[in-house]
Amino acid sequence: MSDKFMIYGATGYTGKLVARTAKALGMRPLIAGRNEARLKSVAGQHGLDYRAFDLSDTAALNEALSQVDVVLHIAGPFSQTSKPMLDACIRMRKHYLDITGEIDVFEACAARDAEAKQAGIMVLPGVGFDVVPSDCLAAHMKARMPDATEISLAISGLGAMSRGTAKTGVESIGLGTRVRRGGQIVALKVPPRREFDFGKGPHPAVALGWGDVSTAFHSTGVPDITVYFEASPQLEQMAALGGFKRWLASRGFMQRRLKRAIDQQPEGPTDAERRAGSGVLIGEAMNANGDRVLTRLRTPEGYTLTAMTSLEIVRRVLNGEAQPGFQTPSRVFGADFITEFDGCVRQDLNS
């Protein structure tokens, strides 16, 4: 007998990791996805029940949701899959969680706040590395500086990506670098650059359109939000693309070509790479007077942390800790939520 939650997208890299972690924690999710053969294999490895169906199959989707209280949606790209799953969760009155990092998906979920409240469900996208640690860090910075007008977040330590993560990045090439300015999401032609000390001295970083451009605003109300990533050769190459090259890379034929190349890459980091990996996040808040506070947050490797945070949030929601409507991790569980996980250490760098 399954627990009262479903993992949809259990045959991808992250889905398989989350299913395996759930089994290790003594949880019994119903696993689901489109490919029955792959689902049967995953289910057989862990002794789990499974359902195979496409999100376009309304009857099958409704039937699966009738068996659970919570959906942990892991099947990307969320730009295509979030809406049909959220439609079903609202229709069937089931709590919706996902692991997206896509700004537009966060904003689309936020726009359905009233519908979710009317259905009595919580809509909480971004329950993985996108965006639990950074969202909790943004909320912590707001608590440290209540009059902040600007929050910058910087992220280091992202190693090998899953194919799904890489494809999401490819889809965003044509959007430019998105930031929050005056409360509005805007695209910059030239990405901002800065240096941050991730623990080994100042290192260059480049702005990127991460999910916190959406969520940090909803969590804190701070009008100016910028997210940076530690510079890497690949990120520098993307940042250097001019307008025409970005436009060309966003065309359908180029998107297909780039995604075919991604399909030839490893599925994601190995267990050894995940164990050896770690993340470092920097939060900076500044007010109108130019006063500034800094905090550093260390975490386990991103996919490992995604399995930890997503399943803990599932557990809490099943235990009745959901809040109806659109939410962010820190709004429901508080800024200190991230510090409850092994390997997560937060340090205020100035007072």
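Which residues line the second largest pocket? In this predicted model, the lining comprises Ser156, Gly157, Phe196, Phe198, Gly199, Lys200, Gly201, His203, Glu230, Ser278, Val280 and Arg298. The model is predicted, so local features need pLDDT of at least 70 and side-chain atom pairs count only at pLDDT 80 or more, while totals for chains, interfaces and linings use all residues. Residues are numbered from 1 along each chain as its sequence is written, and side-chain values use heavy atoms, with hydrogens and water left out.

The volume of this second largest pocket is about 220 Å³. A pocket is an open set of points on a 1 Å grid over the protein atoms alone, where a 1.4 Å probe fits, with protein on both sides within 12 Å along at least five of seven lines; lining residues have an atom within 4 Å of a point. Volume is the space filled by probe spheres set on the points, which are joined across faces, edges and corners. The lining divides into 3 nonpolar, 6 polar and 3 charged residues. Here Ala, Val, Leu, Ile, Met, Phe, Trp, Tyr, Cys and Pro count as nonpolar, Asp, Glu, Lys and Arg as charged, and the others, Gly among them, as polar.

Helix α9 spans residues 212-220 and is largely enclosed by the rest of the structure, because 7 of its 9 residues are buried. Buried means under 20% relative accessible area, exposed over 50%, and partly exposed in between (1.4 Å probe, protein chains only). Helices (H or I, at least four residues) and strands (E, at least two) are DSSP runs, numbered from the N terminus. The buried set is Asp212, Val213, Ser214, Thr215, Ala216, Ser219 and Thr220. Gly221 follows α9 with a positive phi near 80 degrees.

Helix α7 (residues 132-144) crosses α9 at roughly 40 degrees, and the axes come within 9 Å. Axes are lines fitted to C-alpha atoms over the stretch in contact, with angles from 0 to 180 degrees between N-to-C directions. The crossing is right-handed, the near helix being turned clockwise from the far one by less than a right angle.

Two peptide bonds are described as cis. One joins Gly76 and Pro77, with omega about -5 degrees. Pro77 sits in the loop between β4 (70-73) and α4 (78-92). The other runs from Asp130 to Val131, with omega near 5 degrees. Val131 lies in the loop between β6 (122-124) and α7.

Arg93 has a positive phi of about 60 degrees, although it is not a glycine. Arg93 is exposed, at 54% relative accessibility.
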